[in-house]
Amino acid sequence: LAGAESGDAPYTALRCWASFLEVRNEQIRDLLSPRGRSNENLRVLDHPMLGTYVPGLTEVPCSTEEDLGRLLGFGTRRRAAGSPLLFGDPSRSHTVLTLRLQPEESS
(Lines give C-alpha, C1' and ligand atoms only; values in the text may rest on other atoms or scores of the structure.)
Protein backbone atom coordinates (compact mmCIF):
# COMPACT_ATOMS: atom_id res chain seq x y z
CA LEU A 1 0.00 0.00 0.00
CA ALA A 2 1.28 3.42 -0.98
CA GLY A 3 3.31 5.11 1.73
CA ALA A 4 3.05 2.23 4.20
CA GLU A 5 6.79 1.55 4.21
CA SER A 6 7.78 5.12 4.99
CA GLY A 7 5.36 5.53 7.86
CA ASP A 8 3.19 8.14 6.13
CA ALA A 9 0.35 5.87 5.05
CA PRO A 10 -2.84 7.69 4.04
CA TYR A 11 -4.88 5.60 6.50
CA THR A 12 -4.54 4.38 10.06
CA ALA A 13 -6.86 1.37 10.15
CA LEU A 14 -8.93 -1.00 8.07
CA ARG A 15 -12.66 -1.60 8.43
CA CYS A 16 -13.66 -5.21 7.80
CA TRP A 17 -16.91 -6.98 6.89
CA ALA A 18 -17.32 -10.73 6.55
CA SER A 19 -19.78 -12.84 4.60
CA PHE A 20 -19.95 -16.62 4.67
CA LEU A 21 -21.91 -18.82 2.27
CA GLU A 22 -22.40 -22.47 1.48
CA VAL A 23 -22.98 -23.92 -1.99
CA ARG A 24 -24.69 -27.29 -2.16
CA ASN A 25 -26.52 -28.81 -5.12
CA GLU A 26 -26.26 -25.45 -6.94
CA GLN A 27 -28.11 -23.74 -4.06
CA ILE A 28 -26.57 -20.86 -2.11
CA ARG A 29 -27.13 -20.60 1.63
CA ASP A 30 -26.22 -17.50 3.66
CA LEU A 31 -24.54 -18.86 6.80
CA LEU A 32 -24.59 -15.50 8.63
CA SER A 33 -28.18 -14.49 7.88
CA PRO A 34 -30.64 -13.92 10.69
CA ARG A 35 -32.82 -16.96 11.41
CA GLY A 36 -35.96 -17.08 9.31
CA ARG A 37 -34.57 -15.05 6.43
CA SER A 38 -35.03 -16.81 3.11
CA ASN A 39 -32.08 -17.89 0.97
CA GLU A 40 -34.27 -18.53 -2.07
CA ASN A 41 -33.22 -15.52 -4.14
CA LEU A 42 -29.46 -15.72 -3.61
CA ARG A 43 -27.45 -16.07 -6.81
CA VAL A 44 -23.91 -15.44 -7.94
CA LEU A 45 -23.42 -12.49 -10.30
CA ASP A 46 -20.37 -11.22 -12.13
CA HIS A 47 -19.95 -7.44 -12.40
CA PRO A 48 -17.30 -5.89 -14.68
CA MET A 49 -16.12 -3.49 -11.93
CA LEU A 50 -17.01 -5.30 -8.68
CA GLY A 51 -16.15 -8.84 -9.76
CA THR A 52 -18.08 -11.86 -8.50
CA TYR A 53 -20.65 -11.15 -5.77
CA VAL A 54 -23.93 -12.35 -4.26
CA PRO A 55 -26.54 -9.58 -3.87
CA GLY A 56 -28.42 -9.76 -0.57
CA LEU A 57 -25.73 -11.80 1.20
CA THR A 58 -25.35 -10.79 4.85
CA GLU A 59 -22.18 -8.80 5.62
CA VAL A 60 -21.24 -8.57 9.28
CA PRO A 61 -18.69 -6.03 10.57
CA CYS A 62 -15.75 -7.54 12.44
CA SER A 63 -13.02 -5.53 14.12
CA THR A 64 -10.87 -8.22 15.73
CA GLU A 65 -9.60 -11.70 15.00
CA GLU A 66 -11.86 -12.91 17.80
CA ASP A 67 -14.90 -11.39 16.04
CA LEU A 68 -13.96 -13.21 12.86
CA GLY A 69 -13.44 -16.47 14.77
CA ARG A 70 -16.91 -16.16 16.35
CA LEU A 71 -18.49 -15.53 12.93
CA LEU A 72 -16.71 -18.56 11.46
CA GLY A 73 -17.86 -20.72 14.36
CA PHE A 74 -21.44 -19.47 14.05
CA GLY A 75 -21.55 -20.11 10.29
CA THR A 76 -19.89 -23.51 10.59
CA ARG A 77 -22.42 -24.63 13.21
CA ARG A 78 -25.26 -23.51 10.96
CA ARG A 79 -23.72 -25.41 8.09
CA ALA A 80 -23.29 -28.61 10.06
CA ALA A 81 -26.56 -28.47 12.04
CA GLY A 82 -28.89 -30.25 9.65
CA SER A 83 -26.65 -31.06 6.72
CA PRO A 84 -26.59 -34.88 6.81
CA LEU A 85 -30.27 -35.08 7.71
CA LEU A 86 -31.51 -32.62 5.11
CA PHE A 87 -29.07 -32.95 2.25
CA GLY A 88 -27.18 -36.21 2.64
CA ASP A 89 -23.39 -36.25 2.42
CA PRO A 90 -21.97 -33.01 3.92
CA SER A 91 -18.78 -33.43 1.92
CA ARG A 92 -20.75 -32.45 -1.20
CA SER A 93 -20.89 -28.78 -0.22
CA HIS A 94 -18.44 -25.91 -0.39
CA THR A 95 -18.13 -22.77 1.72
CA VAL A 96 -16.82 -19.35 0.78
CA LEU A 97 -15.69 -16.79 3.34
CA THR A 98 -15.30 -13.28 1.93
CA LEU A 99 -13.67 -10.37 3.72
CA ARG A 100 -14.33 -6.86 2.44
CA LEU A 101 -11.70 -4.39 3.61
CA GLN A 102 -11.98 -0.62 3.50
CA PRO A 103 -9.16 1.69 4.59
CA GLU A 104 -10.03 4.44 7.05
CA GLU A 105 -8.30 7.68 6.21
CA SER A 106 -6.17 9.30 8.87
CA SER A 107 -7.18 12.74 10.06
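Predicted model: local features only at pLDDT ≥ 70, side-chain atom pairs only at ≥ 80, totals over all residues.
Reader: Are R24 and E22 called buried or exposed, and why?

Author: R24 has a relative accessible area of 6%, and E22 has one of 2%. Buried means under 20%, so R24 is buried and E22 is buried as well.

Reader: What makes R29 a salt-bridge partner of E22?

Author: The closest N and O atoms of R29 and E22 are 3.7 Å apart. Because the limit is 4 Å, the pair R29 and E22 qualifies as a salt bridge.

Reader: Why is R29 called partly exposed?

Author: R29 has a relative accessible area of 25%. Partly exposed covers the range between the buried limit of 20% and the exposed limit of 50%, so R29 receives that label.

Reader: How do you know that E59 and R100 form a salt bridge, and what does the pair tie together?

Author: The closest N and O atoms of E59 and R100 are 3.0 Å apart, and the criterion is within 4 Å; the pair is accordingly a salt bridge. E59 lies in the loop between β4 (51-53) and β5 (60-61), whereas R100 lies in strand β6, so the pair ties together parts that are 41 residues apart in sequence. E59, at 39% relative accessible area, is partly exposed. R100 is partly exposed too, at 36%.

Reader: What joins S93 to E22 and R24?

Author: The side chains of S93 and E22 are joined by a polar contact of 3.1 Å. The side chain of S93 also makes a polar contact of 3.3 Å with that of R24. S93 is found in strand β6. Leaving aside residues up to four places away in sequence, S93 touches E22, V23, R24 and R79.

Reader: Why is S93 called buried?

Author: S93 has a relative accessible area of 6%. The label buried requires a value under 20%, so S93 is buried.

Reader: Which residues make the nonpolar surface patch, and where is L14 found?

Author: The patch, of about 420 Å², is made by L14, L72, L97, L99 and L101. Strand β6 (residues 93-105) gives the most to the patch, with 3 residues. L14 is found in strand β1 (residues 11-24).

Reader: What makes L14 partly exposed?

Author: L14 has a relative accessibility of 47%. This value falls between 20% and 50%, so L14 counts as partly exposed.

Reader: Why is N25 called exposed?

Author: N25 has a relative accessible area of 56%. Exposed means over 50%, so N25 is exposed. N25 has its place in the loop between β1 and β2. The C-alpha atoms of N25 and R92 are separated by 7.9 Å, although these residues are 67 residues apart along the chain.

Reader: What does R37 touch, and why does R37 count as partly exposed?

Author: R37 is found in the loop between β2 (27-30) and β3 (45-47). Not counting residues up to four places away in sequence, R37 touches D30, G56, L57 and T58. Its relative accessibility is 36%; because that value lies between 20% and 50%, R37 counts as partly exposed.

Key:
Residues numbered from 1 in each chain as written. Heavy atoms only, no water. Patch = residues over 30% accessible without salt bridge, like charges linked within 9 Å, V, L, I, M, F, W, Y side chains within 5 Å. Areas by Shrake-Rupley, 256 points an atom, 1.4 Å probe, with all protein chains shown as cover. Salt bridge = Lys/Arg side-chain N within 4 Å of Asp/Glu carboxyl O. Helix = DSSP H or I, 4+ residues; strand = E, 2+ residues; numbered from the N terminus. Buried < 20%, exposed > 50% of the residue type's maximum accessible area, 1.4 Å probe, protein only. Contact = heavy atoms within 4.5 Å. Polar contact = N/O pair within 3.5 Å; in protein donor to acceptor, adjacent residues only side chain to side chain.
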